[in-house]
Amino acid sequence: MAHTSSRTTIVFIVVALVCAFVPAFSFEKAEAKSLWDTCLLKISPKCALDIIGAVFENLTITDACCHDLVQEGKMCHDTLIKYIAEKPHLVSHETEYLKKSDALWTHCVSISQTA
């Protein structure tokens, strides 16, 4: 039951991210649109959930998802995680999440280099 609750929370975060992303950056519309077009739409929803789950829920990430993440680039990864980590109910642990994000990136780069 706790696993289902965690997945529900992650899905909620992704939906909230999708709904709130562009308005949150409305003062930089061109940059936000570019980021949206180049980062978030090219990673599959399952991979996005895996990335978020790995950082915010201590879940695992597949090698295939690591390859997708590295292909999108560190800026996309950092932006996605920082945006979510700044949410009011998560901000008190933002430093912890950013460290996990960096560790995930390092892991995924090492996975991508071995393939």
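**Contacts and helices**

Of the contacts (heavy atoms within 4.5 Å) in the chain with a separation of 6 or more, 70% join residues 24 or more positions apart. The model is predicted, so local features need pLDDT of at least 70 and side-chain atom pairs pLDDT 80 or more, while totals for chains, interfaces and linings use all residues. Residues are numbered from 1 along each chain as its sequence is written, and side-chain values use heavy atoms, without hydrogens and water.

The chain has six helices and zero strands; both are DSSP runs numbered from the N terminus, helices being H or I with at least four residues and strands E with at least two. From the N terminus, the order is α-α-α-α-α-α.

Of the 115 residues, 37% are buried, meaning under 20% relative accessible area with a 1.4 Å probe, protein chains only. The chain exposes about 6,700 Å², with 63% supplied by carbon and sulfur atoms; these areas come from the Shrake-Rupley method with a 1.4 Å probe.

Helix α5 covers residues 74–85. Its twelve residues should span 16 Å at 1.5 Å a residue, and its end C-alpha atoms are 16 Å apart, which agrees; the expected span is 1.5 Å times one less than the number of residues. Buried residues in α5 include Cys76, His77, Leu80, Ile81 and Ile84.

There is one aromatic pair, where pairing requires ring centres (Phe, Tyr, or the six-membered ring of Trp) within 6.5 Å. The ring centres of Phe56 and Tyr97 are 4.5 Å apart with planes at 50°, so the pair is tilted; planes under 30 degrees apart would count as stacked and over 60 as edge-to-face. Because Phe56 lies in α3 (residues 45–56) and Tyr97 in α6 (residues 94–114), the pair ties together parts 41 residues apart in sequence. Both Phe56 and Tyr97 are buried.

How values were computed: Buried < 20%, exposed > 50% of the residue type's maximum accessible area, 1.4 Å probe, protein only.
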